[in-house]
Every structure is written in C-alpha cells, then in structure tokens.
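Me: I am new to this structure. Can you take me through it step by step?

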Amino acid sequence: QAKGLGRNMVQFFDPQLQTALQLRRSLEQDMREGLEQQQFELFYQPQVESGQVVGAEALLRWKHVQRGYVSPGEFVPLAEETGFILTLGDWVLRKACQQLASWARQPAFAQMTLAVNVSPKQFHQRDFVQRVLTALAEHGADPRLLKLELTEGLLLTDVDDTVAKMVRLKSHGIGFSLDDFGTGYSSLSYLKRLPLDQLKIDRSFVHDVLSNPNDASIARTIVALAASLGLHVIAEGVETQEQCRFLADINCHAWQGYLMSPPVAVAAFEELVRNARAHESLKPCMHTAAD
Ligand code: C2E
Ligand code: MG
Ligand code: MG
Ligand code: MG
C-alpha cells in the first residue's frame with residue numbers, strides 16, 4: 001500500500017521515524033505543560049572579571065516529572081524548531097528582569113549584570129525589541145545591566161534587521177555578547193557591522209588551551225580581534241586554575257566556568273557571591289590585580 005504512494009511516502013511509514021516523531025510531539029506537549037506547572041527555572045553561573053564576580057549568565061533548567069532533569073541542549077533546539085522557544089524565551093526574559101530588579105534592591109548585587117541567551121527565532125520576531133523593553137519595564141529593571149547573548153546562527157537571515165534591532169536595544173543601554181564565538185558562521189565583515197559589546201570564547205577552545213597549540217592560537221586571536229575592534233572578551237568553560245592563568249596571560253581577564261561554579265539556583269548563587277572573597281578560584285586573580 002505504502003509503496004503505491006511513491007518513493008517519498010515510504011519513509012512516512014518507517015516505524016523508527018514514527019517513534020521519533022511521537023517522542024518529539026510528546027516532548028513538545030510536555031514543555032507546554034511544564035511551563036504552566038512551573039517546572040522551568042533559571043540557574044545562574046557567575047561571571048568573573050579581575051577576581052570579582054561582576055555578573056551572571058542565566059541558564060534555563062527543566063525539572064521534568066518523569067524524565068527528571070532535561071538539559072537545555074536537548075529541549076532548546078526542539079523548542080526552536082517548533083516555535084515554542086518564543087513562549088519559553090519570553091518567560092526567560094521576564095524571569096531574568098524580575099531577578100535583576102530584585103538584585104537592584106540588595107547593595108551586594110545592585111551592580112550585577114545578567115546575561116540572557118536569545119535564540120535566533122526569538123530575536124527575529126517582529127516585535128522582539130518591544131518584548132524586551134516590556135519585560136524590563138514590567139519589573140523596573142535597569143536595561144544597562146541586561147546583556148543579551150546572541151549566536152552566529154542569527155546571521156544566517158537578515159543581517160540588516162538584526163543590526164537595526166540591536167541598535168534600538170542598545171539605545172536603551174542593553175548590551176550584546178556574541179556567544180560560542182568561533183564555532184558558527186560569522187564572517188569578519190559581519191562582525192564589523194554588528195554593534196556588539198563582547199565576544200565570548202567558546203568553551204571548546206578553552207578546554208585544551210594548554211595542550212593544543214591550535215586552540216591556544218585561536219584563543220589568542222579572538223582576544224586580539226576583540227581588542228582591535230574595541231570589544232570586551234570573556235571565556236566560557238574555564239575549569240582549571242591553569243586555564244584561568246593562561247587566559248589572564250593573553251589578556252583575557254573575564255571568565256566563567258566550573259572553576260568558580262557550575263550554574264546554580266538563585267539562593268546558591270547569592271551565597272556564592274557573598275562568600276566570593278574567600279573563594280579559592282579568585283585568589284590568584286586578586287594577586288594579579290594587586291601586583
Ligand atoms: P551556552 O549559552 O554556551 O552556555 C554555556 C554552557 O556551558 C552551559 O550549558 C553551562 O552549564 C556550560 N558550562 C559552563 N561552564 C562550564 C565548564 O566549566 N565546563 C563545562 N563542560 N561546561 C560548562 P547548559 O546550561 O547545559 O546550556 C546549554 C546551552 O543551552 C547554552 O549554551 C545555550 O545555548 C542554551 N540555553 C540555555 N539556556 C537558554 C535560554 O534561556 N534560552 C536559549 N535560547 N538558550 C538557552
Ligand atoms: Mg550563553
Ligand atoms: Mg556559550
Ligand atoms: Mg558554548
């Protein structure tokens with residue numbers, strides 16, 4: 001029967017594909033219900049600069065009832081495909097702005113910046129700028145403390161529109177970081193056109209920076225590129241004291257990674273900041289700053 005419908009239709013009856021489709025559909029349904037049932041949460045990972053915690057990156061977490069913890073690596077791409085990322089991304093933005101406003105009322109946190117990941121589909125929404133401004137206004141959060149992390153995938157469509165949106169958001173003081181830099185599609189000519197504030201060295205380059213000379217050169221090159229374009233630079237995925245020192249030696253003084261902390265729930269993040277002065281990972285950097 002299936003064969004009679006032509007070559008392409010045969011695939012439709014592939015039981016393996018059918019199962020995969022069902023899984024995806026149920027995962028999508030679960031995401032919608034999960035959001036209603038408050039199973040999503042933002043975790044925070046400290047961002048360190050010259051030995052001080054200066055901010056955090058907000059990273060989404062999903063505590064699924066049956067499947068347990070589901071990694072954003074698993075559900076964000078699917079949410080991006082189905083369009084659910086628009087709903088989810090809006091929730092993330094509002095939650096992040098609420099957190100910023102709450103920190104503004106506590107002196108130890110009042111200057112913290114908060115970086116929020118924005119997916120290409122979310123950014124390309126016609127009313128994205130308005131959505132960000134609404135989220136900020138809703139909670140009275142300071143736009144100058146909000147940083148949006150974009151990826152190079154964004155550049156695959158409509159660079160003019162991307163630049164225009166960035167310019168509008170920047171006029172309110174919002175900052176921009178280019179996430180996973182070096183792993184995507186951006187050409188140097190795009191980089192020149194985008195009104196960015198920061199490049200983020202992908203953790204795949206940081207991982208072997210001490211043992212792989214190519215990764216070391218790439219890291220050096222990104223730092224030099226950022227400097228010559230007048231951009232800040234931050235390294236992600238810093239796990240060891242040695243990686244941290246290497247980065248400081250090549251003039252990258254901002255970093256985040258397991259060396260300081262993995263992403264943690266807000267209470268744990270606040271605890272970490274309060275005790276940061278005593279944190280082992282910050283001591284060598286503090287010495288450097290004082291020398
Ligand atoms: P990303 O934005 O590049 O985030 C960095 C990822 O590296 C995070 O994974 C973080 O937990 C992990 N990481 C941080 N330090 C270290 C380290 O020292 N070693 C190692 N091995 N890993 C480290 P996570 O939280 O699983 O997020 C994965 C990706 O999911 C993110 O990559 C981001 O692209 C996406 N994502 C997370 N939250 C959101 C969100 O709210 N919205 C959107 N659109 N995407 C999100
Ligand atoms: Mg990020
Ligand atoms: Mg990243
Ligand atoms: Mg990365």
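Me: Which residues have the most contacts inside the largest nonpolar core?
Reply: This is a predicted model. Its largest nonpolar core has 85 residues. Helix H4, residues 85–104, gives the largest share of this core, 10 residues. Those with the most contacts inside the core are Leu148 and Phe269.

Me: Which residues is Leu148 in contact with, leaving aside its neighbours within four places in sequence?
Reply: Nonpolar side chains tend to be buried together in soluble globular proteins. The contacts of Leu148 include Gly175 and Ser177. Also among them are Leu93, Val116, Val118, Phe128, Val132, Leu169, Ile174 and Phe176.

Me: Is Gly175 buried or exposed?
Reply: Gly175 is found in strand E6. Beyond its neighbours within four places in sequence, Gly175 is in contact with Leu146, Lys147, Leu148 and Asp197. Its relative accessible area is 13%, and the cut-off for buried is under 20%. So Gly175 is buried.

Me: How many Å separate the C-alpha atoms of Gly175 and Pro195?
Reply: Gly175 and Pro195 are 20 residues apart along the chain. Their C-alpha atoms are separated by 9.2 Å.

Me: Which residues are closest to ligand 1?
Reply: Ligand 1 is surrounded by 20 residues. The closest are Arg61, Asn117, Asp179, Glu239 and Tyr258.

Me: What share of the accessible area of ligand 1 does the protein cover?
Reply: Start with the polar side-chain atoms. One of Gln45 lies 3.0 Å from a nitrogen atom of ligand 1, and one of Glu57 lies 3.1 Å from an oxygen atom of the ligand. On its own, ligand 1 has 800 Å² of accessible area. The share that the protein covers is 85%.

Me: Which residues are the protein donors of the magnesium ion (ligand 3)?
Reply: The donors lie 2.1 to 2.8 Å from the ion. In sequence the donor residues are spaced D-D-x55-E.

Me: Where in the chain are Asp179 and Glu236?
Reply: The pair links distant parts of the chain, 57 residues apart. Asp179 is buried, and so is Glu236. Asp179 is in strand E6, residues 175–181. Glu236 is in the loop between strand E8 (232–235) and helix H11 (241–249).

Me: Which residue coordinates both the magnesium ion (ligand 4) and the magnesium ion (ligand 3)?
Reply: The protein donors of ligand 4 are Asp180 (OD), Asp202 (OD) and Glu236 (OE), at 2.1 to 2.5 Å. The two ions are 3.0 Å apart. The residue named as coordinating both is Asp180.

Me: Is Asp180 buried, exposed or partly exposed?
Reply: Buried means under 20% relative accessible area, and exposed means over 50%. Asp180 is at 25% relative accessibility. Therefore Asp180 counts as partly exposed.

Me: How far apart are the magnesium ion (ligand 3) and the magnesium ion (ligand 2)?
Reply: Asp179 coordinates both ions. The distance between them is 3.8 Å.

Me: Which residues of helix H3 are buried?
Reply: Helix H3 runs over residues 72–82. The cover over its buried residues includes helix H2 (15–36), strand E1 (40–49) and strand E2 (52–64). The buried residues of H3 are Phe75, Leu78, Ala79 and Glu80.

Me: Which residue, with a positive phi, follows H3?
Reply: At the start of H3, a side-chain oxygen of Ser71 reaches to within 2.9 Å of the backbone nitrogen of Gly73. After H3 comes a residue with phi near 95 degrees. That residue is Gly83.

How values were computed:
Residues numbered from 1 in each chain as written. Chains lettered and ligands numbered in written order. Predicted model: local features only at pLDDT ≥ 70, side-chain atom pairs only at ≥ 80, totals over all residues. Heavy atoms only, no water. Core = buried A, V, L, I, M, F, W, Y, C linked by side-chain atoms within 4.5 Å. Buried < 20%, exposed > 50% of the residue type's maximum accessible area, 1.4 Å probe, protein only. Helix = DSSP H or I, 4+ residues; strand = E, 2+ residues; numbered from the N terminus. Contact = heavy atoms within 4.5 Å. Near = heavy atom within 4 Å. Polar contact = N/O pair within 3.5 Å; in protein donor to acceptor, adjacent residues only side chain to side chain. Areas by Shrake-Rupley, 256 points an atom, 1.4 Å probe, with all protein chains shown as cover. Donors = N, O, S within 2.8 Å, 3.2 Å for Na, K, Ca; no water.
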